[in-house]
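Hi,

Here is the structure I promised to pass on. Have a look at it first, and then read my notes below.

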Amino acid sequence: MIYQGKQKIWSDYQKEIPDNHWFYVRSCIRQNFWPASEKYFLVICRDMLGRDIFESEHHTTCGGIAYHCDTIPQETAMTIVARQFALMTEAGYENLVTSCITSFGNYAEIIETWREFPELEARIREDLWKACRREFKVPKYLAHASDLIYKYRGEIAERAKFHLVDKQTGEPLKIVEHIGCHYSKMFPHKGVGGAEYPCVLSGMVDAWGGEVIDYPERRHCCGYGFRQYHVKANRGYSMSNTYKKFESMEPYHPDAIVTNCPGCPFFLDRWQYVIAEQEGKTYGPDGHGIPALTYEELAGLVLGVDPWDLGLQVHQVGPELLLDKMGVPYDPAHKYDGLDEKALKKPGLPNVLKCC
Amino acid sequence: MDFGFRLSPSSAVDLDKVNLALYDRLAELDPGIRTCIGCGSCSATCTSSAYSGMSVRKVLLALQRGRMQDVEKMLSNCMLCGKCTMVCPRGINTRRLILNACRLYDNVEEEV
């Protein structure tokens, strides 16, 4: 195929991401799972890169989890989302960036549904007006927070204090990238690279010096799947999907996993503990696990942020082996220090999985 | 440690490792079985399926996946009435397929 032809085809897989002025909406569960990730998204974009990212304390859940768990109808989720759009409009923004992959999928699905059925949008506008006297504009651009970090990956690489490179050998670190299912599997044109070649995370890894691992179950779900995990009777199935991924990536000896979904890093992290306890199996070197990080945590490490400020101590799998390889300094004595050096409780250690 | 749940058994089929000898032999005797589209017309019309669990579609699927143990019990429930052959949209002689499979199981290498 001629080069120009390839370029033309690839251009269909690209997504337009404005450089500046975003209204940011947070995730319900990420703040509990990885409390520093959203903070450092704002620190990196606002303070380090000088972008205008606005967030409102009035925004709420998008209703995505309840919608995907079949506990609320889509019209209810639409009205909740319409209110978020109203907050964005009132703040004077046209671009919406979400922290959560399911929110991103939820917003994308609702915008597409309204495009197909304008009468439904009119009804939701009426419902929102009756409920809280608010009006809204549909966002001009919708992005996931990882889209922005992907867009700024070059600037982050220019400011990098550490690279995804083994300090001892000089070899690139082997990184598994895992993209949340609701990013581009639902609406491929909404994600960078579409559903076939999503490169939002692999682009970051490449830019920061790492090597992306292509393994057989690369695009398999992490196992969360809402109704799989939220119903306790189905949790074995949830864990089995994670197990399948780990069995598939194990021969490639990954140094770390990077994800862009709230649930994926949680399950890829915590299920390693459960699999180790139940099956006696661990996937990292010498009984350790494979650290599963969010893209903000990885960007923070590259930019030289203290690992404990990034919240890496709340991961089940200890990040120390990765930090040692990258050459990132850390003080083990301060691992469980909270804000203003307030001592956090030190967790008990697992029986099988080595955590530090 | 008991978490109240365990890993579910994997349903993955490794086609490099399973024994496809019986399916390959059957396909040699009657290449038509390779044209099966798995529509299930044979199973829907089967008289014995309702009470015995017999299903020609399942038999073929199990053979394609090398799951011999699943096939044997189902085959023993077939009455060879031939209704499945009459409804097959691909014209596969399913009755002959079952008979051949039974004979191969009994190590009778004889074509119908």
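Where the two domains of chain A touch, 25 residues of domain 1 are in contact with 25 residues of domain 2. Keep in mind that this is a predicted model. The domain assignment puts domain 1 of chain A at 22-145 and domain 2 of chain A at 161-341, and their centres, taken over C-alpha atoms, are 26 Å apart. On the domain 1 side, the elements of chain A that give two or more residues are helix H2 (30-33), helix H3 (35-48), helix H4 (64-68), helix H6 (101-116) and strand E4 (141-144). By class, that side of domain 1 has 16 nonpolar, six polar and three charged residues.

H3(A) has 14 residues and spans 19 Å from first to last C-alpha, close to the 20 Å expected at 1.5 Å a residue. Which residues of H3(A) are buried? They are A:Ala36, A:Ser37, A:Glu38, A:Tyr40, A:Phe41, A:Ile44 and A:Cys45. An α-helix has 3.6 residues a turn, so residues three or four places apart point the same way. The cover over the buried residues of H3(A) includes H2, strand E2 (53-55), helix H8 (145-151), strand E8 (292-294) and helix H15 (295-302) of chain A. After H3(A) comes A:Gly50, with a positive phi near 70°.

You'll find A:Val305 in the loop between H15 and helix H16 (320-326) of chain A. Why does A:Val305 count as buried? Because A:Val305 has 22 C-beta neighbours inside 10 Å, and the cut-off for buried is 20 or more.

Now for chain B. Chain B has seven helices and zero strands, so to speak an α-α-α-α-α-α-α run from the N terminus on. Its C-alpha atoms fill a box of roughly 55 × 30 × 25 Å along the principal axes. Chain B has 112 residues, of which 22% count as buried. As for contacts in chain B between residues at least 6 apart in sequence, 59% of them join residues at least 24 apart.

Two packed helices are described by the angle between their axes and the distance between the axes. Helix H5 (residues 68-76) and helix H7 (residues 94-105) of chain B pack at about 120°, with 11 Å between their axes, and the crossing of H5(B) and H7(B) is left-handed. From H5(B), the residues B:Val71, B:Glu72 and B:Leu75 meet B:Ile98, B:Ala101, B:Cys102 and B:Tyr105 of H7(B). The residues of this contact are six nonpolar, no polar and one charged.

Last, the two chains together. Here 11 residues of chain A are in contact with seven residues of chain B. On the chain A side, helix H13 (235-249) and helix H14 (263-279) each supply at least two residues, and H13(A) gives the most, with six. That side of chain A divides into four nonpolar, three polar and four charged residues.

Cheers

Methods. Residues are numbered from 1 along each chain as its sequence is written. Chains are lettered from A and ligands numbered from 1 in the order in which they are written. This is a predicted model: local features need pLDDT of at least 70, side-chain atom pairs count only at pLDDT 80 or more; totals for chains, interfaces and linings use all residues. Domain bounds come from an automatic or database domain assignment. Helices (H or I, at least four residues) and strands (E, at least two) are DSSP runs, numbered from the N terminus. Ala, Val, Leu, Ile, Met, Phe, Trp, Tyr, Cys and Pro count as nonpolar, Asp, Glu, Lys and Arg as charged, and the others, Gly among them, as polar. A residue is buried if 20 or more other C-beta atoms lie within 10 Å of its own, exposed if 12 or fewer, and partly exposed in between; C-beta atoms are placed from the backbone. The expected span of a helix is 1.5 Å times one less than its number of residues. Axes are lines fitted to C-alpha atoms, for helices over the stretch in contact, and angles run from 0 to 180 degrees between N-to-C directions. A crossing is left-handed if the near helix is turned anticlockwise from the far one by less than a right angle, and right-handed if clockwise.
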